[in-house]
Amino acid sequence: MKRTHTCNQLTSEDAGKEATLIGWVQSVRDHGGVLFVDLRDREGVTQVVFHPDCPVYEKAQKLRDESVVEVSGKIVLRESGTVNPNLKTGEIELECSDMTVHNMCEVLPFPLDDDRADKVNEDLRLQYRYLDLRRPRNLNLLRLRHKAAQAIRDHLNSEGFIEVETPVLFKSTPEGAREFLVPSRINPGCFYALNQSPQQYKQMLMVSGIERYYQMAKCFRDEDLRADRQPEFTQVDIELSFVEREDMYALVENMLKKVWKEVLGMEIKTPFLRMHYEEAMNRFGVDKPDMRFGIELTDLTETFKDSQFKVFANVAKEGGVIKAINAKGLSDITQGELKSLEDVAKTLGAKGLAFIKAENGTWKSPILKFLSEAEQQALKEKLNIEDGDIVFFAASKWEQACAILGRIRLECGRLLQARGKIKISPDDFKFLWVIEFPLMLYDEEQGRYVSAHHPFTSPVPEDVKYLDSDPLRVRGQHYDIVLNGTELGGGSIRIHQPELQEKVFKDVLKIPADVVESRFGYMLKAFKYGAPPHGGIALGFDRLVSILTNRQSIRDIIAFPKTQKGQDLMAQSPSPVTEKQLKDLHIRLAEDE
């Protein structure tokens with residue numbers, strides 16, 4: 001068994017040659033007794049013709065779609081008028097003289113052409129994922145994923161990085177996202193955790209003197225799933241010594257520049273725009289703003305601090321803020337759409353969603369009767385309200401008001417885009433660095449400070465003096481890379497001094513000393529043996545590829561993804577295990593109550 005060519009290789013220059021092809025039967029057509037078979041492999045399609053006098057003609061009549069066959073014969077030019085300009089092999093066909101059927105395919109559970117397969121229930125396609133992946137579009141998605149990974153590796157290799165694999169089995173650090181636990185048979189009662197990130201390992205590599213490390217790392221989080229989240233995912237993990245933030249920006253920008261050039265043939269502009277966290281929240285209501293359209297937040301706290309509208313005035317007096325957005329051109333919003341926006345706002349803690357609609361020279365709103373003429377005039381000027389606009393308000397604490405309108409802004413953008421009033425090109429890529437994050441946040445439920453990023457992030461040097469007196473004033477050397485409203489990745493300059501790291505753990509985050517020792521003791525010890533200044537970043541590779549391919553779900557660009565319930569329908573995983581397996585692991589399942 002030896003093919004001489006792939007199914008995308010033969011051209012008119014090969015006419016008269018003998019060839020052998022192997023692939024899948026894409027279709028069989030009977031044209032007046034002459035059979036035409038489109039034969040497909042990974043590279044493309046070649047037409048094979050079986051004439052009635054062909055020795056294997058009767059066998060060819062029995063072929064079914066997706067059967068695997070090997071055909072041999074002479075390459076001939078197609079007759080005039082039958083050339084297919086859409087195929088590289090469209091000028092020729094293989095005139096079959098011999099055929100071996102390696103595997104006859106059963107009746108397919110669903111059609112494999114893209115138009116019809118896209119309408120098939122996703123669960124069915126995932127159950128037969130090996131068939132779904134045969135579709136040229138899905139194969140091309142995996143090929144593009146490969147090209148992106150190759151471009152990343154090529155760039156980092158050229159910059160002197162070393163690819164190092166770190167363990168997947170790590171120790172449990174339950175203060176982060178929920179982990180997958182793995183029981184240890186030879187250490188009864190003890191568990192590994194599948195690593196959420198190689199964070200601590202890569203910092204140990206810096207202490208080891210590797211200086212420049214990267215890895216296409218498999219990571220695991222036991223989280224509720226959605227379109228951009230899977231229980232296991234891949235991140236481009238990078239760490240380097242003797243680095244400052246500017247070095248990281250340049251490294252990542254040049255790497256992404258290469259990826260876009262190699263994969264899409266596009267030149268992206270560098271350096272990327274930078275925006276402070278507080279500015280991003282004030283203007284767009286989120287720390288990962290989509291910059292492809294406007295609709296920015298406007299602060300109206302001063303306008304309403306002495307208002308007769310007590311809902312707004314009371315919020316201002318209690319230290320909150322009043323913010324608004326003007327969704328220009330969306331006054332034709334339906335009652336159903338308006339109700340959906342209100343429901344979204346309520347999921348973020350709002351009691352409702354105040355609005356003003358401008359139509360036919362008048363304003364319409366349930367709150368209009370509470371607003372003075374001066375306040376209405378101020379709104380008109382500050383928000384540039386015109387006929388056809390609708391304004392939405394949020395009055396709450398700063399973080400919550402920003403979050404509410406940030407989400408409403410995105411929903412309005414989606415509605416305006418559906419109406420053709422905002423046009424976003426699939427080739428419009430707006431990269432952004434969000435910087436100057438707070439190092440700490442205050443968690444009211446826990447009654448203590450928590451890390452805004454992670455506890456290894458180094459504070460801005462001039463802010464270290466505020467760690468004891470005013471932790472919320474301390475900025476972290478943290479940076480996020482954002483693209484079109486998606487956080488591609490985040491990183492920071494790390495703490496490398498053991499005294500400072502221990503202070504953050506114990507004095508600021510209030511982690512008990514015994515917990516610090518059990519979870520991070522080896523790290524603090526390692527830092528005492530000459531830890532270099534270092535920093536890094538991790539980019540979500542699945543999210544990156546989904547943007548490159550203009551896919552809404554990362555499931556589309558993962559070979560064998562899980563469903564939203566975390567199931568692999570093809571392999572029927574997860575599944576029960578035997579009593580013996582549980583006994584070996586010293587585990588007993590709780591009985592149903």
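Start by selecting Q572: its relative accessibility is 63%, so this residue counts as exposed. Keep in mind as you click around that you're looking at a predicted model.

Stay on Q572 and check the backbone. Its phi sits near 55°, a positive value in a residue that isn't glycine. For context, show the loop between α16 and α17, which is where Q572 is found.

Now step along to S573 and P574. The peptide bond joining S573 and P574 is cis, with omega about 0°. P574 also lies in the loop between α16 (541-548) and α17 (579-584).

Next, go past α17 and pick H586, which lies in the segment after that helix. Here's another non-glycine residue with a positive phi, this one near 60°. H586 has a relative accessible area of 53%, and because the cut-off for exposed is over 50%, H586 counts as exposed.

There's another cis bond to visit. Select T270 and P271: the peptide bond from T270 to P271 is cis, with omega near 0°. To place P271, display α7 (245-264) and β12 (273-276); P271 lies in the loop between them.

Time for some helix packing. Two packed helices are described by the angle between their axes and the distance between the axes. Show α8 (residues 277-284) together with α13 (residues 398-418). These helices pack at an angle of about 55°, with their axes 8 Å apart. That angle is why α8 and α13 count as oblique to each other.

How do the axes of α11 and α13 cross? They come within 9 Å and cross at roughly 155°. With the cut-off for roughly antiparallel at over 145 degrees, α11 is therefore roughly antiparallel to α13. The crossing of α11 and α13 is right-handed.

Sorted by class, the contact of α11 with α13 has seven nonpolar residues, no polar ones and three charged.

Note on methods. Residues numbered from 1 in each chain as written. Predicted model: local features only at pLDDT ≥ 70, side-chain atom pairs only at ≥ 80, totals over all residues. Heavy atoms only, no water. Axes fitted to C-alpha atoms, helices over the stretch in contact; angles between N-to-C directions. Helix = DSSP H or I, 4+ residues; strand = E, 2+ residues; numbered from the N terminus. Parallel < 35°, antiparallel > 145°, perpendicular 65-115°, else oblique. Left-handed = near helix turned anticlockwise from the far one by under 90°. Nonpolar A, V, L, I, M, F, W, Y, C, P; charged D, E, K, R; others polar. Buried < 20%, exposed > 50% of the residue type's maximum accessible area, 1.4 Å probe, protein only.
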